[in-house]
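Here is my note on the model you sent.

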Amino acid sequence: MKKKGRYVVEAAFLVPGICMLLVYAVFFSLYAHDCAVCVHTALEVGIKGCYPDGHTDSQRKEDMERDLSEKLSMQLLWLQNNHVEIQVSPLRVTLKVSGTGSFLPVSGLETQQTIYRIQPCETIRRSRWMRD
C-alpha cells in the first residue's frame with residue numbers, strides 16, 4: 001500500500017490549527033495591552049488627582065473622570081465599552097475601569113486601583129513613635 005496523500009492530510013489539519021493559534025496570540029496580546037494601559041492610566045490619574053491643589057472633592061472627581069476617559073479613549077485597542085467610576089474620600093481615591101471587547105471569549109476587563117491621599121513622610125515625621 002502506497003502512502004501518497006499522507007502529507008497533504010497532515011497539512012490540512014496543521015495549517016488551520018497554527019493559524020488559529022496565531023490569531024489567538026494576537027487577540028491575547030491586545031487584551032494584555034489594554035489591561036496594562038488601564039492599570040497604568042488609573043494610577044497616573046489617581047496620583048495626579050491626590051495632590052492638594054485647592055479643589056473640592058467633587059471638582060477633583062470630575063477632573064479625574066474627564067482626564068481618565070480622555071486618556072483611555074486614545075490608548076485602548078480591545079476595550080470598546082469602557083466605564084469609569086471614581087470615588088473620592090478624604091483618605092483615598094478609588095478608580096475603577098471596566099468594560100468589554102468584541103472578539104475574545106472573555107467576560108470583560110475590570111481594574112480597580114486605590115491611592116491613599118495621606119502624605120506618608122509627614123505622618124511618620126510627626127508621629128510619636130519616631131521620637132526618642
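**Notes on the fold**

1. Start with L68. Beyond its neighbours within four places in sequence, L68 is in contact (heavy atoms within 4.5 Å) with T41, A42, V45, V84, I86, L95 and V97.

2. A word on the source. This is a predicted model, where local features need pLDDT of at least 70, side-chain atom pairs count only at pLDDT 80 or more, and totals for chains, interfaces and linings use all residues. Residues are numbered from 1 along each chain as its sequence is written, and side-chain values use heavy atoms, with hydrogens and water left out.

3. L68 belongs to the largest nonpolar core, which has 19 residues. Such a core is a set of buried Ala, Val, Leu, Ile, Met, Phe, Trp, Tyr and Cys residues joined through side-chain atoms within 4.5 Å; buried means under 20% relative accessible area, exposed over 50%, and partly exposed in between, with a 1.4 Å probe and protein chains only. C38, L68, L72, I86 and L95 touch the most other members. At least two core residues come from each of α1, α2, β1, β2 and β3. The top contributor is α1, with six. In soluble globular proteins, nonpolar side chains tend to be buried together.

4. Now the sheet. Three strands form an open sheet in the order β1-β2-β3, paired antiparallel. Strands are DSSP E runs of at least two residues, helices are H or I runs of at least four, and both are numbered from the N terminus; pairing needs at least two DSSP bridges. β1 (81-88) and β3 (109-116) are the edge strands, each with a single partner, so one side of each has no neighbour in the sheet. β2 (residues 92-100) and β3 are joined by eight bridges. One of the residues to check is L95, whose bridge partner in β3 is Q113.

5. α1 (residues 6-50) touches β2 and β3, and its direction makes about 25 degrees with that of β3. α2 (residues 57-75) touches β1 and β2, at about 155 degrees to β1. Axes are lines fitted to C-alpha atoms, for helices over the stretch in contact, and angles run from 0 to 180 degrees between N-to-C directions.

6. Which residues of α1 are buried? They are Y31, D34, V37, C38, T41, A42, V45, G46, G49 and C50. Their cover includes α2, β2 and β3.

7. S73 sits in helix α2. S73 counts as exposed because its relative accessibility is 57%.
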